[in-house]
Structure formats: C-alpha cells, structure tokens
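User: I would like to go through this model in a few questions and answers. Please take the chains one at a time.

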Amino acid sequence: MSLSRLLKATALSAALALLPLSTAAFADEQFFPLQSYRVGPYAAGGTGFFGGFIDYLNLINIRDGGVNGVKLTWDEGETQYEVEKGVEVYERFKNHPGIATWNPLSVGIAYALIDRVTADKVPLLTINHGRTDSTDGRVFKYIFPLLLNPYSETSGIINYLGTKEGGLDKLKGKKIVVLYHGSPYGKETIPIYELLAKKYGFEVQQIEVPHPGNEQQAQWLTIRRAKPDYVVLRGWGVMNPVALKTAQKTGFPADRIIGNVWSNSEEDVIPAGDAAKGYTAITTQASGAQYPVLQEIQKVVYDAGKGNLEDKKRIGSVYHNLGVVNGILNVEAIRIAQEKFGKRTLTGDEVRWGLEHLKLDPARVEALGAKGLFHSINVTWDNHEGDGLVTFQQWDGSKWNVVSDWIAPDWALLRPIIEKSSEAYAKEHNIPLRTAADADQVTN
Amino acid sequence: MSISVTPSIERSLPRAAIGGLTVAAILFIAFVVLPSVGSDYLFEAILTPFLALALAGVGLNLLTGYAGQVSLGSAAFMAVGAFAAYNFNLRVPELPFLVSIVLAGLTAAGIGLIFGLPSLRLRGFYLAVSTLAAQFFVQWALTKFGWFSNDNPSGIINAPPLKIASVTFDTAVGRYLFSLGIVTVLTFLAWRLTRAQTGRNFIAVRDNQTAARVIGVPVLRTKLLAFAVSSFIIGVAGVLWAFAYLRTVEPAGFNLDRSFQILFIIIIGGLASIRGAFLGAGFIVVFPLLLSRLGGELLGGIVDSGVVEMSQRIVIGALIILFLIAEPKGLAELGRRAARRLGGRPT
Amino acid sequence: MEDVQFFIEVLVGGLLSGVMYSLVAIGFVLIYKTSGVLNFAQGALLLFAALTFVSLHERGVPFWASIGLTLVLLAILGTLIERVVLRPLVNQPPITLFLATLGLSYVIEGGAQLLWGTQVHGLDLGIDDVPFEVGGVLISSFDLFAAATAALMVALITLFFRYTRIGLAFRAVADDPFAALAVGLRLTRIWAIVWTASGVVALVAGLLWGARLGVQFSLSLVVLKALPVLVLGGFDSIAGAIIGGLLVGATEKLAEVYIGPFLGGGIESWFAYVVALAFLLVRPSGLFGQKLVERV
C-alpha cells in the first residue's frame with residue numbers, strides 16, 4: 001500500500017520534474033525566470049516590481065523585436081516572498097535554456113541562491129538591496145546589488161540630511177534616531193550609522209521595532225523623550241504606515257522622518273493617510289509616469305492591452321518604476337554583452353560579462369528615455385554596485401515629489417568595510433580573489 | 001469487536017513480516033532506485049524538503065500525537081537546531097559534522113525541556129498558547145544576538161558543506177542521501193521508542209493523566225521527556241532544512257507559519273503515527289506544487305497567477321477542515337483501511 | 001518630574017493599546033464560551049470584515065450602508081461556518097476544533113483577498129488623531145475614541161446577554177451545553193448567532209485596527225497580540241479579556257521602554273507571552289477563567 005503510494009508519488013514527481021523541459025526554448029531567445037510574489041503580505045510590492053519588469057521586456061519585444069532580434073521571454077513562479085518557494089522555483093527553471101539573470105527582489109531568496117547561481121554561472125541581480133558585501137566583485141562573481149547596497153543607502157541618507165542642514169559639518173551635535181525593523185535586514189546598517197555618527201559628530205540612537213511592527217507606542221514615546229532632529233525609518237511592510245501614524249499621535253512631525261528604500265513606496269504611505277504628508281524617503285528611481293520610457297510603455301504596451309499591471313493608475317509608482325529600471329539594466333547588459341559575443345542567445349556567464357561592463361552615463365540614460373528616472377550606473381568587475389546615485393522624494397498626500405538633487409553616497413568610506421567582510425567570506429568558503437584578467441574569461 | 005480479536009492475532013505475524021518487507025522495499029527504492037533515476041529538481045525541490053519536514057513531523061508527532069501535548073513552537077526548535085549546528089561546526093572545527101548535528105539536537109532538546117516546563121501545570125489551549133512564547137523568544141534571540149550568526153552583518157548565514165569523514169555531500173543526490181540516512185536512523189529510533197515502555201507512558205499520559213499516575217507512570221517526567229525527545233528530532237530536522245535544503249540559515253524562515261505547517265503535516269498524515277508524518281509531509285510538500293503547477297497550466301491563460309495562488313490557500317485550508325471532519329485519523333488511517341480492504345479480499 | 005510624566009505617558013499609552021488588544025480578544029471569548037473552541041480564525045475574520053467594508057466603501061457605497069452590507073456578509077459567513085465546519089465536528093476534542101479554525105483562517109484569508117484583491121487600503125474613520133496634553137502627558141484622541149468604542153461594545157454585549165432571549169440561551173449553553181440541549185435550546189442556531197456576533201466584534205476591531213495599520217494582509221496578525229491577553233484573562237471571560245488586555249498593554253510598553261534597552265530592545269514580541277506564562281504558573285486558568293475540572 002505505502003509502496004503503491006510511494007510509486008504514485010514518484011511517478012507524479014517525475015512528471016513534475018519533466019515539465020520544465022517541455023517548454024524548451026528555441027532559436028534566439030533570452031529567458032528570464034521570475035520568482036515573483038503576487039500574493040501574500042508583500043504582494044503589493046511584488047506586483048509592482050515584476051509588473052514593471054515585464055512591461056519593459058514587453059516594450060523591447062514589441063517595439064524593437066527584442067534585443068538585436070533576440071526575443072526576451074519569461075515565466076513566473078510564485079514565491080509569496082518565502083525562501084523555500086523561491087528555491088523550488090529556482091530548481092524548476094534552472095535548466096531552461098538561455099537564462100539571462102535571476103531577479104528575486106527578496107533578500108532571503110537571494111541568500112539561498114548565492115551558492116546555486118555561482119555553481120550554475122548565472123548572474124543574480126538584487127537591485128537596490130541584497131547582501132552588501134556582494135558589491136565586491138572580486139569575491140561574488142555572479143551577485144550584483146545594482147545601484148544601491150544597504151551601506152550606500154545609509155550613507156546617502158546621512159549625506160542628504162547634511163545638505164538639508166547646509167553641509168555635513170552642520171550635523172555636528174544633531175541627534176538622529178534610527179527606527180529599524182526587528183530582523184536581520186533591519187539590523188544590517190547599525191554599525192554604519194554608528195560609524196557615520198562618529199565621523200560627523202552627530203548623536204545616533206537606534207531603536208528596534210519587533211516584527212511585524214503593528215504596535216509602536218513604546219518606541220515613539222521613547223523618541224518623543226529623546227527629542228531627535230530626525231528619525232530615519234528603516235521599515236518593512238506594515239511597520240511603515242504604523243510608524244507614521246504613531247509619530248503623528250506622539251506629535252513628531254512627518255517632514256523630519258526619512259524613509260529608506262523599503263519604506264519609500266505608495267503602499268507604505270497610503271494607509272497612513274494624512275499622517276504621511278511631508279514624509280520623505282530615499283530612492284534610486286524617481287516616481288511618476290512622465291518619463292519618455294514610461295510614456296512609451298503606456299503607448300506601446302498598455303494601449304495594446306499587454307500591460308502587466310491590473311490597475312493602470314499604478315504605472316509610474318515606486319515599485320513599478322523600480323521594475324522598469326531593473327528591465328533597462330538587464331536589457332542593456334545583454335546588449336553590451338552581445339556586442340562582444342554576437343547577437344544571439346547568451347550564456348549566463350556572458351551576461352555576467354555584460355553586467356561587469358554595464359556603463360550607462362547620463363547621455364545614454366537619456367537616450368533610453370529614462371532621464372530623471374535614474375541617474376547613471378557604472379558597474380565594473382570588482383564593483384558590482386555601480387555607483388548609483390540616490391534622490392529623495394516627499395509625499396504630498398497623493399504622490400511623491402522629488403525634493404533633492406542626485407546625491408552620491410560616500411563609497412570610499414564604505415569600500416574598506418565591504419572588503420573586510422567579503423574577504424572574510426572568501427576565506428570561510430575558500431574562494432580565491434578574482435583579478436581583472438579573470439573578468440574577461442567567459443565560459444559558454 | 002471481540003470476535004475479530006482471534007483472527008487478527010493469527011494474522012499478526014505475517015502482517016508484521018509484510019510491514020517489514022514494505023519498509024525494506026521503500027528503503028531500497030529511496031536509497032538505490034531513486035538516486036539513479038531522479039532529476040535534480042526531484043531531489044532539490046521535492047525530496048530533500050520532504051525529508052526534513054517529515055522528520056519534523058515525526059518529532060512533533062511524538063509530542064502531540066503520542067504524548068498529547070500540543071506545541072505551536074516547532075519552528076523555534078528547528079531554528080535552535082540549525083543555528084546550534086552552525087555554531088558547533090564553526091567554533092569547534094575539529095568536531096565531525098555528524099557530532100555537530102547530534103549536539104545541535106541535544107541543544108534543541110535542552111531548550112525544548114525549558115519551554116516544556118509549563119506543561120507540568122498547564123493543559124490544553126493554555127499550554128498551546130504558551131508554546132508560542134518559545135516561537136517568539138527564540139526568533140528574537142537569534143536575530144538579536146549577532147553571535148549566533150557569527151556577527152554576519154545581514155544576520156543570514158551560508159551553510160557549510162555537508163561532510164562525513166572526508167566525503168562531502170555537495171550534489172543534489174548527495175544532500176538527499178545524507179538527509180535520507182539521518183531521517184532513516186532517527187525514524188527507526190522514534191519507532192522503537194513508541195513501541196517501548198516510554199511510548200506506552202506517552203500514550204497513558206495523553207489519554208488520562210490521573211489514570212496514568214494511578215498505574216505508576218511518572219507523569220511529569222514523561223511529559224518533559226516527550227518535550228526533550230521531540231525537540232531533539234525537530235532540531236535535527238531544522239539542521240537538514242537549513243543545511244541540506246535551503247543552504248542558508250535565517251531566523252525569519254522559522255516563523256509561526258512553519259510551526260503550523262508541521263502541525264498540519266501530522267494532522268493530515270495522522271496523529272500518533274510515524275507513517276503519518278511521512279504521508280502528511282508528502283502531501284504538504286507535493287500537493288501545493290501540484291496545485292499551483294496544474295492551476296498554472298490549466299488556468300494560466302485565463303486568470304493571473306495571483307488568483308491561482310489564492311485559490312490554493314483556500315483549497316489547502318478547506319482540505320484541512322475536510323480531513324478533520326471526514327478522516328480525523330489522517331492519511332495513515334486511510335491507507336490502513338485501504339490495505340485492509342485489499343488484504344481482506346479472497347485470493 | 002519629567003520622568004514621572006514620561007512614566008505616566010507610557011502607562012497610559014500602554015493601557016490604551018491594551019484596549020485594542022482586548023477588542024480582538026473579546027471575539028475569541030464569545031466563541032470559546034459557547035463552543036469551547038479557541039478560534040484562530042478570528043484574525044482572518046477581522047481581515048475579512050475590514051477588507052469587505054473598505055472595498056465596498058471605496059466602490060462608492062455610503063459608510064453606513066457598507067457597514068450594513070458587511071454585517072450581512074458576516075452573518076452569512078457565521079452561519080456557513082456553523083453549518084459546514086462546526087456541526088460536523090461536534091463532539092470532537094477541542095484540539096481538533098482548534099485545528100479546524102486554523103484551516104478556516106486559510107480559507108477566509110484566501111477568500112477575502114481573492115474577492116477584494118491584495119491592494120493595501122487606507123482607512124479614514126474621520127477621527128483626527130491629533131494628540132492633546134493633560135498635565136504634560138500626551139494622550140491620543142484616536143485611542144480615546146477606540147477605548148470609548150470598546151466600552152460601548154462591551155456594554156452592548158453585556159446588555160444583549162443579560163436581557164434578550166438569545167442572550168439567555170447563550171449563557172445557558174455556556175454553562176452547560178447538555179442541559180441546554182435537554183431543555184430544548186437549539187445549539188446550532190446559537191452557534192450561528194455567536195459566530196455572527198464575533199464577526200461583529202471583528203468588524204469593530206478590524207475598523208479600529210485598520211485605521212491604524214491600513215487594511216491589508218498584516219491585519220490578521222493582530223491575533224498574536226490577543227493570545228497572551230486571553231491566556232492572562234482566561235479564555236472564557238469577557239472581563240478577563242479587558243483586564244488582561246490592559247495588563248498586557250501596560251506591562252509590555254513599560255517593559256519595552258524600561259527593560260528593553262538593557263536587552264537591546266524589541267522585546268515586545270515575546271514579553272507579553274512570558275508575563276502571561278509566569279502568571280499562569282500561579283493560576284493555570286488565567287485571571288477569570290473557569291477552573292479546569294478534570295473528569296475521569
């Protein structure tokens with residue numbers, strides 16, 4: 001009995017295992033396996049990001065017929081933001097031919113994939129987030145925390161507060177409270193805030209909000225007593241609107257609260273209603289649908305009924321634009337790699353080479369119709385972040401408005417810390433440090 | 001009832017033999033046949049998580065199914081196991097990996113013992129809710145103190161490779177076989193335990209504490225023992241989950257949902273049944289995959305994947321209710337009945 | 001002086017947060033009293049209620065009409081739950097019923113999101129949350145409103161159970177279901193009504209919590225805040241739920257502010273459970289819970 005059951009289960013699993021092969025790609029196609037999350041607690045972010053990504057891929061296919069004739073294809077596997085589901089989706093798709101990159105938009109899933117993508121030689125993109133020390137391309141050959149890693153984010157926020165006060169030297173004697181989510185993600189930047197506080201002479205107090213963060217009375221009363229000049233919100237999910245609401249309740253003005261990249265979307269402020277008016281948050285990609293590339297997506301993709309977002313009002317929202325930028329970076333990396341390897345389906349390692357030569361200066365960004373959407377990027381074999389600039393947006397009750405110039409984080413200060421961490425990782429895992437020569441060696 | 005006693009005794013010997021043969025056949029398939037025919041996907045995405053969760057199910061079944069103490073904190077003990085193994089391995093590199101695993105299990109057992117203390121005084125829901133303290137406290141402590149994750153800035157650790165002596169299990173099949181070996185040994189021990197006096201004590205405490213005390217069962221010690229043994233097994237399951245399956249360890253992965261998942265495994269599989277844990281785990285691992293894949297294939301064009309996933313949640317919830325109503329004893333009983341019907345047929 | 005003020009502020013804030021926990025806990029108590037079930041689906045019910053209300057309201061249905069429609073839906077849901085889940089499970093051990101409500105919470109959560117989508121909604125009840133000061137102590141007007149609502153609701157529930165026929169029947173069932181059956185009370189109808197009533201409580205709690213968190217998936221997580229309250233107050237006492245809520249709210253906030261810094265903060269997630277646990281070791285059935293009588 002158990003035997004027949006097991007046999008049945010085996011046959012079933014075998015059938016499952018065979019399924020991925022039945023969708024084998026042909027000719028010139030570049031495939032994007034998407035570990036998307038459209039349900040569960042974080043569905044709003046997932047639908048926006050993956051919607052934007054798919055919209056851009058669609059734009060390239062419809063308008064340009066793909067990248068130099070190579071069609072872009074994709075398939076989605078739902079993860080609900082859960083690590084084990086992400087792993088399952090990885091295993092399901094990993095043998096698909098012509099995989100370009102993985103883009104999970106989840107720190108947990110990204111971590112679980114580091115070993116796997118390295119063994120399979122396919123790049124893993126963690127735009128705006130991810131493991132900080134994977135910036136060091138000497139150690140993490142296939143991991144790309146594009147545009148902004150958590151440390152740079154921290155530095156960018158402090159630099160912004162500096163410009164707001166009229167110079168970084170004016171931060172001296174100021175008091176900043178960092179309210180962070182009680183998770184590894186939330187704690188990651190604690191030492192960096194301490195470091196910057198020492199460097200610029202401001203006082204920093206870091207307060208934890210336990211997950212999920214639906215109760216913050218105690219934290220905000222403590223903040224009220226501390227009377228800080230600014231509160232940095234390093235939040236996540238429901239913690240963000242509750243923070244803004246509780247701030248209002250305890251009389252702390254919203255325009256002195258600065259959000260990080262996981263606290264910067266419409267979903268974070270809309271539930272807080274009026275309490276969010278004046279709240280400012282960091283971003284690598286400005287929101288709004290006025291940029292030419294988004295106009296084209298509307299015209300070419302949505303007007304043809306192929307748009308991915310159910311609600312067209314969300315075109316140009318923070319997560320949607322992040323997805324679009326992610327699409328641009330992917331497509332341009334492929335384009336650059338094609339220049340070298342030929343206009344055909346590339347291997348993962350060839351795309352990795354393309355990413356390591358991904359240089360988009362402001363002129364190129366403008367040509368792509370993304371001027372003002374994001375600034376520029378310059379990824380090299382040893383700098384996998386690519387010197388992304390950040391800007392700050394303020395919520396006016398109905399939309400985000402850019403309120404700062406493009407600001408550069410203090411990369412020179414952070415690099416040694418990152419290298420220390422990545423070298424420790426390399427030692428622990430017996431990974432030899434790469435050299436510039438290694439970057440040009442590409443396997444098929 | 002009494003009429004059927006005699007024949008069942010008569011038949012009990014051959015049945016035990018058949019049972020032994022079945023187990024042997026399953027083991028043969030699992031150890032020999034599958035590794036030579038299965039694909040990476042089968043091992044990495046289905047069988048390895050299945051083994052880890054089944055083992056956790058066996059552990060929880062000892063506590064809940066046999067000893068009658070409901071715990072909502074299983075995931076916490078998995079986390080303790082995973083982090084303990086990581087730290088033993090990291091800080092005492094001379095230790096063979098297997099020893100690290102045993103020590104990790106013992107650590108989980110120790111923590112389990114502490115959080116089992118309320119069971120000496122609390123019953124039913126009061127106890128169930130108090131095990132949530134373990135769930136939240138452990139997760140908090142593991143996140144809070146960087147030492148547990150070797151002060152890794154992001155608090156997430158990469159698992160070291162699995163190693164016994166000088167053999168490294170770093171392929172999909174290797175990790176599967178490693179897990180399978182551990183699961184087989186522990187399951188056998190758990191099965192022995194349920195057949196021994198300890199197992200009978202567990203059941204006595206579950207069925208009627210007062211009566212158990214009257215016949216001389218040390219109730220308090222039995223309860224604590226149940227917590228310790230169960231946590232040991234669940235802790236090792238946590239090691240497998242983190243090291244063999246995900247290959248990364250983060251506290252968030254061992255949340256309340258995971259605890260519920262393990263609880264579902266033993267309900268659907270069957271309480272107080274070792275086999276039930278495996279059937280339940282198979283169901284919980286394979287069924288959602290199947291549902292989402294089939295749903296995706298059949299309805300993919302018509303409705304978006306979100307709707308499919310949402311329906312999947314509803315279906316799983318409904319199935320749990322259905323099982324509780326129609327077959328409270330779970331898949332194991334369903335199987336037993338099917339077997340009886342087959343066996344009862346004149347040949 | 002300032003320290004005293006701060007202490008009072010934290011205390012008051014904690015007590016008012018506690019009221020919010022009690023609101024959720026009361027829904028549990030209603031069901032536990034009549035059917036002996038720890039209804040884990042209460043959080044899902046709360047999400048369903050709030051999401052239904054908000055979605056209707058956003059589609060242009062007037063405020064009170066949305067409330068009315070949501071109540072109708074909750075009544076239907078309550079009846080369905082009784083018919084489909086509880087009735088077939090009658091006479092099963094409590095733990096089976098508890099697990100069934102876990103399954104139920106999956107169904108309700110999935111259903112609510114399938115019906116209304118996964119978008120995050122804002123909810124404005126029209127109460128300005130501007131704080132005011134009393135003797136240097138900051139008090140939130142929204143929290144006061146929530147407390148008043150809770151008080152009103154408890155009063156209504158008490159009146160309902162004291163003075164209506166259904167209420168009397170409810171108490172009879174709570175006291176002794178077999179005797180109630182014997183005198184001809186229809187258990188199934190009472191269950192359906194009680195589930196509807198706890199749906200109403202869920203709607204009130206859902207609206208108040210929703211105004212704070214936004215109406216979204218995480219709303220169902222507020223049950224985790226209510227569980228230690230129940231343990232502390234006893235699963236079957238409304239008074240216990242209220243006092244338990246106040247106690248949990250106050251100790252949790254005071255602990256976070258005064259003990260938290262020594263442990264690195266963020267201890268709220270488990271502190272309430274530890275308090276409840278320590279308390280239980282002294283009184284195994286909570287503050288007001290009925291003593292468990294062990295029948296052999």
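User: In chain C, what share of the contacts between residues at least 6 apart in sequence join residues at least 24 apart?

Analyst: This is a predicted model. Two residues count as in contact if their C-beta atoms lie within 7 Å. Taking the contacts in chain C between residues at least 6 apart in sequence, the share that joins residues at least 24 apart is 74%.

User: How many helices and strands does chain C have, and in which pattern along the sequence?

Analyst: The secondary structure of chain C consists of 11 helices and two strands.

User: What radius of gyration does chain C have, against that of a compact globule?

Analyst: The C-alpha trace of chain C spans about 65 × 55 × 35 Å along its principal axes, and 56% of its 296 residues count as buried. For 296 residues, a compact globule would have a radius of gyration near 19 Å. Chain C agrees with this, because its radius of gyration is 19 Å.

User: Turning to chain A, which helices each supply at least two residues of the side of domain 1 that touches domain 2?

Analyst: Chain A is divided into domain 1 (27-148 + 288-378 + 419-439) and domain 2 (150-283 + 393-409). Their C-alpha centres lie 28 Å apart, and the contact takes 13 residues from domain 1 and 15 residues from domain 2. On the domain 1 side, the residues divide into seven nonpolar, six polar and no charged. The helices that each supply at least two residues there are helix 2 (43-64) and helix 12 (318-341) of chain A.

User: Which are the edge strands of the seven-stranded open sheet in chain A?

Analyst: The strand order in this sheet is 6-5-7-8-9-12-13, with mixed pairing. An edge strand here pairs on one side only, and that applies to strand 6 (203-209) and strand 13 (400-402) of chain A.

User: At about what angle does helix 9 of chain A run to strand 8 of chain A?

Analyst: Helix 9 (residues 239-249) of chain A lies across strand 5 (175-181), strand 6, strand 7 and strand 8 of chain A. Angles run from 0 to 180 degrees between N-to-C directions. The angle between helix 9 and strand 8 of chain A is about 175°.

Conventions:
Residues numbered from 1 in each chain as written. Chains lettered and ligands numbered in written order. Predicted model: local features only at pLDDT ≥ 70, side-chain atom pairs only at ≥ 80, totals over all residues. Helix = DSSP H or I, 4+ residues; strand = E, 2+ residues; numbered from the N terminus. Rg over C-alpha atoms; globule rule 2.2 N^0.38 Å. Buried ≥ 20, exposed ≤ 12 C-beta atoms within 10 Å, placed from the backbone. Domains from an automatic or database assignment. Nonpolar A, V, L, I, M, F, W, Y, C, P; charged D, E, K, R; others polar. Pairing = 2+ DSSP bridges.
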